[in-house]
Amino acid sequence: MIDLYTWSTPNGRKVSIALEEMGLAYEIHPINIGKDEQFSPAFLKISPNNKIPAIIDRDNGQSVFESAAILMYLGDKTGKLYPSEAKARIRIHEWLMWQMSAIGPFLGRAHYFLKFNEGKAPFADAWFAAEAQRLYGVLDRLLADQLQSISDPEYHQSWNRMAQSARQRGQGFWWAPGQLTPDRAPDLATGLGMAPNSGQPMPPQ
Ligand SMILES: N[C@@H](CCC(=O)N[C@@H](CS)C(=O)NCC(=O)O)C(=O)O
């Protein structure tokens, strides 16, 4: 059983998706970052950088913070989605580090400047907009070259599993709009089913 300390944000969802895909039992402990719950002394003990997500593995008491470290831990624990041979891990590590060092922080800052502070720092606006554009280009090429198409039935099955599991938990932490079909995929691709203001959990369906 995994205790998942999280909130409804992209970094939190990375771990929810992995837990679902790996078929691990888990319990969600919401950390409302809009109410500064990430600064509570109890949470800081497992996530000293005051950010979600973090986990505790009840099987051995191990705590892990940083989403990529959690993904690697869960991959090693289950043997799923994460090969054990060093060579096979190279590509995974490359893109994982790229996500953590580029996509995550740069798109986050682009959002900060362009959505919340537009016009206050024109140099930062222009720089982060250009960098976001460049990173999306890199992602586009990766998706075109390497990843399964969004219309792949397997992809939809995994979203359906997540939606079903959210309904069973009745926590409304995931937006569970019912059986997903390929024609609804664009909604998920753009918003991952998130509430318009990310950070606000969707009401239970
Ligand atoms: N590098 C971290 C980033 C985590 C992160 O930025 N978490 C945000 C929500 S997505 C957070 O907890 N923010 C609260 C704060 O900064 O106080 C990871 O990948 O886990």
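This is a predicted model: local features need pLDDT of at least 70, side-chain atom pairs count only at pLDDT 80 or more; totals for chains, interfaces and linings use all residues.
Which residue in β3 is the bridge partner of Y5?

Residues are numbered from 1 along each chain as its sequence is written.

I will start with the sheet. Two strands pair if DSSP finds at least two bridges between them. The open sheet has 4 strands in the order β2-β1-β3-β4, with mixed pairing. β2 (26-30) and β4 (62-65) stand at the edges with a single partner strand each, so one side of each has no neighbour in the sheet. From one strand to the next the twist averages 20°; angles like this run from 0 to 180 degrees between N-to-C directions, with axes fitted to C-alpha atoms, for helices over the stretch in contact.

Now the pairs. β1 (residues 2-6) and β3 (residues 54-57) pair in the antiparallel sense over 4 bridges. The partner of Y5 is A54, and D3 has I56 as its partner in β3. On to β4: β3 pairs with β4 in the antiparallel sense, also over 4 bridges, and there A54 is bridged to F65. These two strands form a hairpin with 4 residues between them, and G61 in the turn has a positive phi of about 80°.

Next, the helices. α1 (residues 10-22) lies across β1, β2 and β3 and runs at about 155° to β1; contact means C-beta atoms, placed from the backbone, within 7 Å. α4 (residues 86-116) reaches 42 Å from its first C-alpha to its last, close to the 45 Å expected, which is 1.5 Å times one less than the number of residues. α4 has a kink of about 40° centred on Q99, the bend being the angle between axes fitted to the seven residues ending there and the seven starting there.

Two backbone details remain. Most residues other than glycine have a negative phi, and most peptide bonds are trans. D36, in the loop between β2 and α2, has a positive phi near 60°. The peptide bond from I52 to P53 is cis, and P53 lies in the loop between α2 (41-46) and β3.

Last, the ligand. The residues around it include I52, P53 and M100, counted when the C-beta atom, placed from the backbone, lies within 6 Å.

Notes. Two residues are in contact if their C-beta atoms, placed from the backbone, lie within 7 Å.
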